[in-house]
Amino acid sequence: MKSMNYLYAAYIATWVIHGTYLMILARQYSRVRKEMESLRK
């Protein structure tokens, strides 16, 4: 049963890493979009 705990921990860690990565990408995308808008003006 101890090995299942490690499996759950790895699963949760994987989703946390993916979620963090997606948040970073979304933040950078919005920053680039704002910069593109300011350059168009």
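The chain has one helix and zero strands. The model is a predicted one. Helix α1 covers residues 2-40, and the chain has 41 residues. Along the principal axes, the C-alpha trace spans about 60 × 5 × 5 Å.

Next comes the surface. Of the residues in this chain, 0% count as buried. A residue is called buried when its relative accessible area is under 20%. The accessible surface of the chain comes to about 4300 Å², and carbon and sulfur atoms account for 67% of that area.

One part of the surface is a nonpolar patch. M1, M4, L7 and Y8 make this patch, which has an area of about 480 Å². One of these residues, M4, lies in helix α1. M4 has a relative accessibility of 33%, so M4 counts as partly exposed.

Charged side chains are the next topic. Side chains of opposite charge can pair when their charged atoms come close. In this model the count of salt bridges is one. The partners are E37 and R40, whose closest N and O atoms are 3.3 Å apart. That distance meets the cut-off, because a salt bridge requires the nitrogen and the oxygen to be within 4 Å.

Why are E37 and R40 separated by about one helical turn? The two residues are three residues apart in helix α1, so about one helical turn lies between them.

Methods. Residues numbered from 1 in each chain as written. Predicted model: local features only at pLDDT ≥ 70, side-chain atom pairs only at ≥ 80, totals over all residues. Heavy atoms only, no water. Salt bridge = Lys/Arg side-chain N within 4 Å of Asp/Glu carboxyl O. Helix = DSSP H or I, 4+ residues; strand = E, 2+ residues; numbered from the N terminus. Patch = residues over 30% accessible without salt bridge, like charges linked within 9 Å, V, L, I, M, F, W, Y side chains within 5 Å. Areas by Shrake-Rupley, 256 points an atom, 1.4 Å probe, with all protein chains shown as cover. Buried < 20%, exposed > 50% of the residue type's maximum accessible area, 1.4 Å probe, protein only.
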